[in-house]
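Hi there,

Here is the structure I promised to hand over, with my notes on what turned up in it. Could you open it next to this message and follow along?

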Amino acid sequence: MSEEKCCIVTCDLPLDKTYWDNQYQANTTGWDLGQVAPPIKSYIDTLQDKSIAILIPGCGNSHEADYLLQQGFTNITVIDIAPTLVYSLKTKFGDNKNITIVLGDFFEHKGVYDVVIEQTFFCALPPRMRQKYVWKMHQLLSEHGVLAGLLFNRDFEISPPFGGSLDEYQQLFQHAFLFNTLSTATNSVAARAGNELFIEFRKNNFTQVNLYHFEGITCSGCKKTVTEKFLTIDDAITVSMNTDFSEVLIVTKKQIKIKKLQELISYDENYKISKVN
């Protein structure tokens, strides 16, 4: 699906503010459907309370926000890292008091939301940031908050977008969230039919979801050993380390002291762990 491509020069560039701003300046937005994705539109139509706090991260041209406003929702926040885009959105939405437009890094954003809508944000992030995505979503959602939207169920020859699979998402999100829905979308646009999963994940308030910086691992074998060490903790449920071994997501029944985690990896003097706040 070449129409999904977004790289204007090379996909080896850092996926930072400059990169994404260049996409909007060059109007290279092949991922943009030009409308609300039908599965997301159908989900929005099920929401009864128009006052709930809704966040759309990596919002792009914000077709979802447009539709929410049309349906009478009054507490919408959209955030994107690209200045050119955000300037355009502020012009587009003007002084509408029902929407807040934020220029910034999603992972530094503060707030509490009842619903977060996922539409081509997850797939724009390098895979090494997926554990951080789960942690941040869990942080931002209210007690009964929901993460809902679409994830690709396929791989791409050129990235971004970065693909994934149902099995991967199950392993990544399990226990941090309760799965209301994780299945193939039935009403995707034709170009994406069969390649999208619709998700509705509810925040799990009965687990502790923490992210840690990790130093010292250089191979997948060491990653496996460290993961197994952490899983020996009585209250540990899942342990997931990112692709470059720099961060680890740990879901537990109770809060675990950092001292205990450090003791478990003290067999190698190069290993260091610190909590992300």
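Let's start at Lys-224, which counts as exposed with a relative accessibility of 53%. Please keep in mind throughout that this is a predicted model.

Which residue does Lys-224 meet in a salt bridge? The partner is Glu-228, with 2.6 Å from N to O. Both residues sit in helix α7 (residues 220-231), and being 4 residues apart they are separated by about one helical turn. An α-helix has 3.6 residues a turn, so residues three or four places apart point the same way. Glu-228 is partly exposed, at a relative accessible area of 42%.

A search of the whole structure gives 5 salt bridges. Another one of them joins Glu-168 to Arg-130, whose closest N and O atoms are 2.7 Å apart. Here Glu-168 belongs to helix α6 (residues 166-173) and Arg-130 to helix α5 (residues 130-140), so the pair ties together parts that are 38 residues apart in sequence.

Glu-196 counts as buried at 3% relative accessibility, and Arg-192 counts as buried at 1%.

**The sheet and the helix across it**

How many strands does the open sheet have, and in what order? There are 7, arranged β3-β2-β1-β4-β5-β7-β6, and the pairing is mixed. At the edges are β3 (99-103) and β6 (177-184), each of which pairs on one side only. On average, neighbouring strands of this sheet are turned by 15° against each other, direction ignored. Ile-79 has Val-102 in β3 as its bridge partner.

Helix α5 lies across β1 (54-57), β4 (113-119), β5 (141-152), β6 and β7 (196-203), and it runs at about 140° to β5. Is α5 mostly covered or mostly open? It is mostly covered, with 9 of its 11 residues buried. Among the buried residues of α5 are Tyr-133, Trp-135, Met-137 and Leu-140, and also Lys-136 and His-138.

**Aromatic side chains**

The count of aromatic pairs comes to 19. One of them brings together Phe-122 and Tyr-169: their ring centres are 5.7 Å apart and their planes stand at 85°, so the pair is edge-to-face. Phe-122 is in the loop between β4 and α5, while Tyr-169 is in helix α6, so this contact ties together parts that are 47 residues apart in sequence. Phe-122 and Tyr-169 are both buried.

The rings of Phe-214 and Phe-230 make an edge-to-face pair as well, because their planes are at 70°, with the centres 6.4 Å apart. This pair links distant parts of the chain, with Phe-214 in strand β8 (residues 208-215) and Phe-230 in helix α7, 16 residues apart. Phe-214 and Phe-230 are buried.

Phe-122 and Tyr-169 also belong to one aromatic cluster, whose members include Phe-106, Phe-107, Tyr-133, Phe-173 and Phe-201. Elsewhere, a charge meets a ring: the charged end of Arg-154 sits over Phe-156, 4.0 Å from the ring centre.

**Backbone details to look at**

Most residues other than glycine have a negative phi, and most peptide bonds are trans. Which peptide bonds are cis here? One joins Ser-159 and Pro-160, with omega about 5°. Another runs from Pro-160 to Pro-161, with omega near 5°. Pro-160 is found in the loop between β5 and α6, and Pro-161 is in that loop too.

Ser-62 has a positive phi of about 60° although it is not a glycine. Its place is the loop between β1 and α3 (63-70), and Ser-62 is buried at a relative accessible area of 1%. His-175 has a positive phi as well, near 75°. His-175 lies in the loop between α6 and β6 and is partly exposed, at 34%.

Conventions:
Residues numbered from 1 in each chain as written. Predicted model: local features only at pLDDT ≥ 70, side-chain atom pairs only at ≥ 80, totals over all residues. Heavy atoms only, no water. Salt bridge = Lys/Arg side-chain N within 4 Å of Asp/Glu carboxyl O. Helix = DSSP H or I, 4+ residues; strand = E, 2+ residues; numbered from the N terminus. Buried < 20%, exposed > 50% of the residue type's maximum accessible area, 1.4 Å probe, protein only. Pairing = 2+ DSSP bridges. Axes fitted to C-alpha atoms, helices over the stretch in contact; angles between N-to-C directions. Contact = heavy atoms within 4.5 Å. Phe/Tyr/Trp six-rings, centres within 6.5 Å; stacked < 30°, edge-to-face > 60°. Lys NZ or Arg CZ within 6 Å of the ring centre and 35° of its normal.
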